[in-house]
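Dear colleague,

Please find below the structure that I am handing over to you.

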Amino acid sequence: MRKIVVAYLLLSFLLGCQPDVSRDLQINQSFEGEEAYWVSKSLDEHLYLIFQPWEYFAQEPFLDTLPGCPEITRDPLTFSVSLDYDRPGCSDIAVERKGTVSIHYGGESTTVGDTLRLSFAGYKREGTELVGQRLFRVTEALPLRITLTELTDSLRLIHPQGSSTRLKPAYQHQGSLQSNRLVQIASQGQMQGRNWSGNDFEVVVDPQKLLSIACLSEPLPRAASGTESWTIFRAADNPVTHELVYAVTAACDSKTTIRLDEGVIMEKTP
């Protein structure tokens, strides 16, 4: 009789723990969804810059459209441009930025085979710090279309609370032009990395993400359509896959729907 009572108490204890385990799983997946959205937003931020020709950074009308009103320095010897956000040229700033972003061109004009480099020096956006650099190779240069293949080997994002994410994107970015003006960016491909929890992950962008003209020069541009699938490889569990689905309702009123592996749906704006 005593054995039966002990077994009953043990079973009751285990069943009583199940809701807590479920809650922990939900917290972990929500955490992963938040990180995916944060990474995606950080990577999209500078795509607008790398499609701009070297000479545009000497034209006042174009400079007035740059979010954050950075101070611009051009070096004609190295064909590089530095955007300094520590000394902004305007007071009405929607998104807080600090530090410097530099674009290094292969020459005065962009040709097939050139490598573009985007580097960061103490750069932070709303507390998120980017460490490292992004590399892009020009694989197509036509009057109405430029295609860049991303070759970034190691980029690190540091969260304001100290957690970091390591990224190795292998995307293809295609910029569409009208009258020498960038009107759309389409991105597709894969990315690998390691997340806040120390787990490896893989991202597949398919169908392609589209950043349209209405959002390109916004303080924080977001995709108007497309899907990212994030697969997290946990050490002791089966992989889980979360989806980020992008949509836009009007102009640049964008929305990201995060569909977690467990079935929970989260929505983010912008």
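**Salt bridges and the disulfide**

In this predicted model, Arg234 and Glu32 form a salt bridge in which the closest N and O atoms are 3.0 Å apart; the term denotes a side-chain nitrogen of Lys or Arg within 4 Å of a carboxyl oxygen of Asp or Glu. The two residues belong to distant parts of the chain: Arg234 is in the loop between β11 (226–233) and β12 (240–248), while Glu32 is in helix α1 (residues 2–44), 202 residues apart. Helices (H or I, at least four residues) and strands (E, at least two) are DSSP runs, numbered from the N terminus. Both Arg234 and Glu32 are buried, where buried means under 20% relative accessible area, exposed over 50%, and partly exposed in between (1.4 Å probe, protein chains only).

Concerning the conventions, residues are numbered from 1 along each chain as its sequence is written, and side-chain values use heavy atoms, with hydrogens and water left out. Because the model is predicted, local features need pLDDT of at least 70 and side-chain atom pairs count only at pLDDT 80 or more, whereas totals for chains, interfaces and linings use all residues.

By the salt-bridge rule, the count comes to 16. One of them joins the side chains of Asp44 and Lys209, at 2.9 Å from N to O. This pair also links distant parts of the chain, with Asp44 in helix α1 and Lys209 in strand β10 (residues 200–212), 165 residues apart. Asp44 has 5% relative accessibility and therefore counts as buried; Lys209, at 4%, is buried as well.

A further salt bridge connects Lys255 with Glu267, at 3.7 Å from N to O. Lys255 lies in strand β13 (residues 254–259) and Glu267 in strand β14 (residues 265–268), so the contact ties together parts that are twelve residues apart in sequence. Lys255 is partly exposed, with a relative accessible area of 30%, and Glu267 is exposed, at 52%. Elsewhere, salt bridges that share partners join Asp44, Lys209, Arg222 and Glu228 into one network.

The model contains one disulfide, defined as a pair of cysteine sulfur atoms within 2.5 Å. Cys69 and Cys90 form this bond, with their sulfur atoms 1.9 Å apart. Cys69 is in the loop between α3 (60–63) and β1 (71–75), and Cys90 is in the loop between β2 (80–84) and β3 (97–104), 21 residues apart. The torsion about the S-S bond is about 90°, so the disulfide is right-handed. Cys69 is partly exposed at 22% relative accessibility, as is Cys90 at 24%.

Yours sincerely
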